[in-house]
Amino acid sequence: MSKIKALIRKRPKSAQSKATSVNSDNQNTNNTSIDAALKGHTANTPIEQTRWNGWGNININKKVSAHGAKLIKSYIGKTRKLSSVSLQQVLKTVPKSRLPVAMTEFDTVSVDNEVRLRHARGQSFPDWIAMHGGDFEAFPDGVAFPESTADVETLLKLASEHDLIVIPFGGGTSVAGHINPQKGSRPILTIAMSKMDQLINLDSESQIATFGAGTQGPAVEAQLDAHGYRLGHYPQSWELSTLGGWIAARSSGQQSLGYGRIEQLFAGGTLVTPQGVLNIADIPASAAGPDLREMMMGTEGRTGIFTEVKMRVQSQPEEELFKVAFLPNWEAGKEVLRQAVQKNVRLSMLRLSNAVETDAHLHLGTTPSQFLAISTYLSARTQLKKSHAHLWRLRG
Ligand SMILES: Cc1cc2nc3c(=O)[nH]c(=O)nc-3n(C[C@H](O)[C@H](O)[C@H](O)COP(=O)(O)OP(=O)(O)OC[C@H]3O[C@@H](n4cnc5c(N)ncnc54)[C@H](O)[C@@H]3O)c2cc1C
């Protein structure tokens, strides 16, 4: 295995202080060890700063390089341009809200057409195609932005009184269609958790952090980093997805191998159900009966709405090292991974890319000259190995 790339992140000692109490306004803007993407993200990305018909923050615009685009074309083949409509055109198709007046008078509920449109679809490939063409099918009749558990209780009570369909909404990155309203006769209320995005308590003794369930990935890590801690849950949608969404969708992260899957990280919390509030205690494992915490995970918002969640956090590592190695083929890669896992090598991430993904990463992540340098090196290495093998054979 040859080392091609080693990325090291070191933490300054000052950032490793342990916290005993938390002021949610705390920021650590001087910490140079965290990614630029994290800086200043102590609160969520406002939904109006995200693309209304696709992925990501409108302020982050990365162009696909020419040789990256060429590779994509070579895989996809002949294409045709998608029909594309403007936000203004789609806004004209949003029907009048059917929410009862009692709900629209409630402070936290919005019936604004653009707000409803921005909470109407997830981020699956079919969602992207539909949004591009302005084919939204259905819109929520209103979007509520609760700021507390009590607000959610009130909303669910009113929703039940008025026979509304309720859709809990975290970061809206679902790829399973669960946040998309369906056409029907009952009014739909989407409950967006974006205003519950703060670290509420950090117990440094048990290393359990309590957050508002609507906190997105960067805001989780930036607020913990200010106290020298890390959650370490990085699904590829991390930039916009939330704690509540991760728990409700049983999400898995890129570094779950080391930090644990969401099942290991979620310690307990508050779930508001139409029947009342369920407090899931953050007790250690119990042998008495089924585990409520486990039963509520992965329910996709069907049993209730998580408002506050308790997460198991860890001290920030002093140093992080990421390495990339090129292996001759898929079988050799599988063998390296199998041995690393079975021999319990302590790693936070272990990822095997097949030839197509490796090729795509190389094309998309490099300039043409960098790409040429790496390809030349790899073919020279292959040639060298072949001639060594030939020499060994000749020697008998
Ligand atoms: C580009 C991209 C990459 C992705 N990568 C990954 C990945 O690596 N790993 C992975 O597991 N998933 C991945 N996903 C899928 C998605 O991001 C996850 O399912 C994520 O957990 C959803 O979180 P969210 O906050 O966006 O929730 P949403 O999409 O808003 O909601 C997801 C579900 O949870 C419910 N919900 C949301 N908040 C709450 C709450 N507070 N209480 C109760 N129910 C709630 C919703 O009703 C819905 O059923 C990816 C998606 C995209 C678009």
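Colleague: Which residue in strand 7 is the bridge partner of Leu202?

Modeller: The partner is Ala209. Before going on, a word on the source: this is a predicted model, where local features need pLDDT of at least 70 and side-chain atom pairs count only at pLDDT 80 or more, while totals for chains, interfaces and linings use all residues. Residues are numbered from 1 along each chain as its sequence is written.

Colleague: What makes strand 6 and strand 7 a pair?

Modeller: Two strands pair if DSSP finds at least two bridges between them. Strand 6 (residues 199-203) and strand 7 are joined by four bridges and run antiparallel, so the pair meets that definition. Strands are DSSP runs of E with at least two residues, helices are runs of H or I with at least four, and both are numbered from the N terminus. In this hairpin, with four residues between the strands, Gln207 has a positive phi near 55 degrees.

Colleague: Which strand pairs with strand 7 over five bridges?

Modeller: That is strand 11, again in the antiparallel sense. There, Thr210 stands opposite Lys310.

Colleague: Why is strand 7 called mostly covered?

Modeller: A residue is buried if 20 or more other C-beta atoms lie within 10 Å of its own, exposed if 12 or fewer, and partly exposed in between, with C-beta atoms placed from the backbone. Four of the five residues of strand 7 (residues 208-212) are buried.

Colleague: How do you know that the span of helix 12 agrees with its number of residues?

Modeller: The expected span is 1.5 Å times one less than the number of residues. For the 13 residues of helix 12 (residues 330-342) this gives 18 Å, and the end C-alpha atoms are 18 Å apart, so the two agree. Just after helix 12, Asn344 has a positive phi of about 55 degrees.

Colleague: What makes Met193 count as buried?

Modeller: Met193 has 28 C-beta neighbours inside 10 Å, and therefore counts as buried. Met193 lies in the loop between strand 5 (188-192) and strand 6.

Colleague: Which residues does Met193 touch, leaving out those up to four places away in sequence?

Modeller: Met193 touches Phe169, Gly170, Ala213, Gly214, Thr242 and Gly244, where contact means C-beta atoms, placed from the backbone, within 7 Å. Met193 and Gly170 are 23 residues apart in sequence, yet 5.5 Å apart from C-alpha to C-alpha.

Colleague: Which residues come nearest to the ligand?

Modeller: Gly170, Gly171, Gly244, Gly245 and Gly301 do, out of 32 residues around the ligand; a residue is near if its C-beta atom, placed from the backbone, lies within 6 Å of the molecule. Strand 4 (165-169), helix 8 (243-248) and strand 11 (305-312) each give two or more residues to this shell, and helix 8 has the largest share, four residues.

Colleague: How many residues of the shell are nonpolar, polar and charged?

Modeller: There are 14 nonpolar, 17 polar and one charged.

Key: Ala, Val, Leu, Ile, Met, Phe, Trp, Tyr, Cys and Pro count as nonpolar, Asp, Glu, Lys and Arg as charged, and the others, Gly among them, as polar. Two residues are in contact if their C-beta atoms, placed from the backbone, lie within 7 Å.
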